[in-house]
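Here are my notes on the model you sent over.

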Amino acid sequence: MYISNAWPGFWRVAVFTLVLLVGLGIAQSVLAQADADREAATAVVGVTPDTWRQVRSGETGANFRDSRADSNYNLVNASGERWRQLRNRWVSPFGLIAIGGMIVVIALFYLVIGRKDLSEPRTGRKLLRWPLVVRAIHWTVASLFIVLALTGLNLLYGKFVFRSLFGDGFWAAMMSGTKLIHNYLGPLFGILLIVLLARVLKHNWPKKHDLAWFKKGGGMVGKTHVDAGFANGGEKVWFWLLATAGIVVIASGFVLDFPNYGQGRDTMQWANLIHAVGALGLTAVALGHIYIGTIGTEGALEGMTTGYVDETWARDHHNLWYEEVKDEAIPEEQLAAGGKPSGGGEEPTPRSG
Amino acid sequence: MATMKFMCDAERCIECNGCVTACKNANDVEWGIQRRRVVTLDDGEPTEVSISVACMHCDDAPCIAVCPTETLYQRDDGIVLHDKDLCIGCGYCLYACPFGAPQFPQQNAFGERGKMDKCTFCAGGPAETKEEEYQKYGANRIDEGKLPLCAEMCSTKALLAGDAQTIADIFRQRVVQRGHPDGAWSGNPRADTDNLAYDATRQG
């Protein structure tokens with residue numbers, strides 16, 4: 001630096017003053033740091049308990065940043081613990097109670113009251129009840145339902161049983177298979193169930209005589225006779241359960257099955273709870289449906305396997321429908337011989353629902 | 001038995017993401033997965049604060065409670081590990097985790113999740129050999145008597161890892177002496193020359 005010789009005194013004074021000022025400034029900041037109270041008083045606002053309360057509630061402000069690529073998470077997932085408690089303390093035990101309770105009730109019903117037999121011997125004349133296409137869809141949906149129910153139950157309860165039973169190697173394969181089956185057959189079930197519901201909707205519109213049917217408990221106990229059309233009150237309840245709860249289970253299943261549409265954790269937590277509650281409930285009711293359709297009622301299963309039911313069965317369980325279609329009854333021998341009944345293969349006329 | 005814990009001192013974190021990088025490097029973490037993240041609140045405002053988050057190795061870990069396959073488990077020293085052979089990618093641990101720790105590589109059709117990956121406290125995971133362990137879970141520094149690399153490399157010592165009691169003691173001393181000239185390094189011969197405890201958020 002060039003300093004003019006003409007004014008040496010001025011520069012000396014200027015430099016001295018500068019050094020003095022800087023020195024005083026440093027001394028002041030050192031003093032300030034030594035006094036903790038004074039420092040706290042002059043400090044920036046910084047982090048307050050309110051900040052952390054906000055974080056705990058899961059809120060994120062406009063200036064929230066996350067260094068993780070394409071992250072849509074907040075700092076603390078506030079609803080995770082609620083989901084855990086609802087799932088583990090409510091859905092899980094009560095699902096077991098619902099399904100286990102249903103099994104016990106059915107077993108007791110079967111032991112105490114027993115099968116619902118036909119009131120008279122079979123006439124040997126058959127009525128077409130379920131055409132081939134409905135039977136095919138029904139059994140596909142039924143098989144898928146059973147597979148999905150078993151895999152779903154395994155996802156919820158399997159770890160309490162199978163890991164210690166089979167060992168880790170088998171357990172790992174079993175669980176990854178379970179998840180694959182559940183996730184890939186689920187959508188297929190969803191689509192086919194909707195097709196089936198659409199196909200049998202016309203039989204299931206509620207009618208006045210359904211009320212009387214419920215008042216008499218569907219005639220499940222004793223010899224009481226109750227009026228019913230093509231579908232009775234119980235069948236209609238099962239239909240509408242599937243058409244409501246079933247659709248909800250399918251919809252929530254899709255939310256869980258395709259996480260690639262950017263749905264958040266909170267959405268999937270609720271989808272999971274709704275899916276589990278709906279599916280466990282439907283599984284419990286399905287046990288009743290399976291019981292009544294197989295060992296619970298004499299002559300019922302053949303309607304869904306062969307498509308034809310006996311006249312006596314139709315009179316017992318669906319008298320209003322029987323009155324409409326009794327003229328179309330054909331003898332067993334003719335069916336066995338492969339003879340086509342008049343109007344065979346067509347949908348039975350659902351004149352009285 | 002010690003109980004291992006992470007603690008991030010938000011007053012010190014400067015959002016340098018050194019922990020994120022250290023973790024990825026130490027554990028050779030899969031592309032697209034970032035076991036540790038740095039969250040900044042009120043970015044650009046006077047109240048800005050940053051904190052480094054990964055698996056916090058909870059005592060009553062929600063992920064363990066909801067996992068359908070018992071992939072997740074806790075060691076005696078509190079470290080929560082995962083067994084990749086058991087994971088089916090259902091995502092439940094992610095729904096339950098308070099800290100967004102579990103991540104899933106999306107490698108299959110329909111967004112189906114791959115096997116979960118999360119912070120192991122640099123303690124590896126179940127495997128037959130050392131090589132397999134490294135390939136699946138990354139480093140097992142705990143086995144070598146070292147602490148997690150993220151905390152070891154933290155430039156401001158904001159991120160602490162180790163026995164819960166030791167961490168708590170360090171933090172308690174910091175809180176008491178926050179803003180003190182020797183910033184909780186009293187008694188340390190290097191306190192005057194190497195003041196790592198300088199609190200940048202406090203201005204006198």
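**Notes on the sheet and the helix pairs**

1. Strand β2 (residues 37-41) of chain B and strand β3 (residues 49-53) of chain B run antiparallel, joined by five bridges. R37(B) of this pair sits across from V53(B) in β3(B). Helices (H or I, at least four residues) and strands (E, at least two) are DSSP runs counted from the N terminus, and two strands pair if DSSP finds at least two bridges between them.

2. Before you read on, some housekeeping: this is a predicted model, where local features need pLDDT of at least 70 and side-chain atom pairs count only at pLDDT 80 or more, while totals for chains, interfaces and linings use all residues. Residues are numbered from 1 along each chain as its sequence is written, and chains are lettered from A and ligands numbered from 1 in the order in which they are written.

3. Is β2(B) mostly covered or mostly open? Mostly covered: four of its five residues are buried. Buried here means 20 or more other C-beta atoms within 10 Å of the residue's own, with C-beta atoms placed from the backbone.

4. Have a look at helix α1 (residues 18-27) of chain B too, where the buried residues are G18(B), C19(B), V20(B), A22(B), C23(B) and N27(B). Their cover includes β2, β3, α5 (149-152) and β6 (159-163) of chain B.

5. Of its 204 residues, 44% count as buried. Among contacts in chain B with a separation of 6 or more, 51% are between residues 24 or more positions apart; a contact means that the C-beta atoms, placed from the backbone, lie within 7 Å.

6. Over in chain A, helix α7 (residues 168-200) packs on helix α9 (residues 233-257) at about 150 degrees, with the axes 10 Å apart. That makes the two roughly antiparallel, a label for angles over 145 degrees. Axes are lines fitted to C-alpha atoms over the stretch in contact, and angles run from 0 to 180 degrees between N-to-C directions. The contact takes in N183(A), G186(A) and P187(A) of α7(A), among others, and residues of α9(A) including F239(A), L242(A) and A243(A). The contact residues divide into nine nonpolar, five polar and one charged.

7. α9(A) also meets helix α10 (residues 265-293) of chain A: their axes come within 8 Å and cross at roughly 145 degrees. The contact residues here split into 13 nonpolar, nine polar and no charged. For these counts Ala, Val, Leu, Ile, Met, Phe, Trp, Tyr, Cys and Pro are nonpolar, Asp, Glu, Lys and Arg are charged, and the others, Gly among them, are polar. G246(A) and G253(A) are among the α9(A) residues facing α10(A), and G246(A) and G253(A) are also listed in the contact with α7(A).

Notes. A residue is buried if 20 or more other C-beta atoms lie within 10 Å of its own, exposed if 12 or fewer, and partly exposed in between; C-beta atoms are placed from the backbone. Angles under 35 degrees count as roughly parallel, over 145 as roughly antiparallel, 65 to 115 as roughly perpendicular and the rest as oblique. Two residues are in contact if their C-beta atoms, placed from the backbone, lie within 7 Å.
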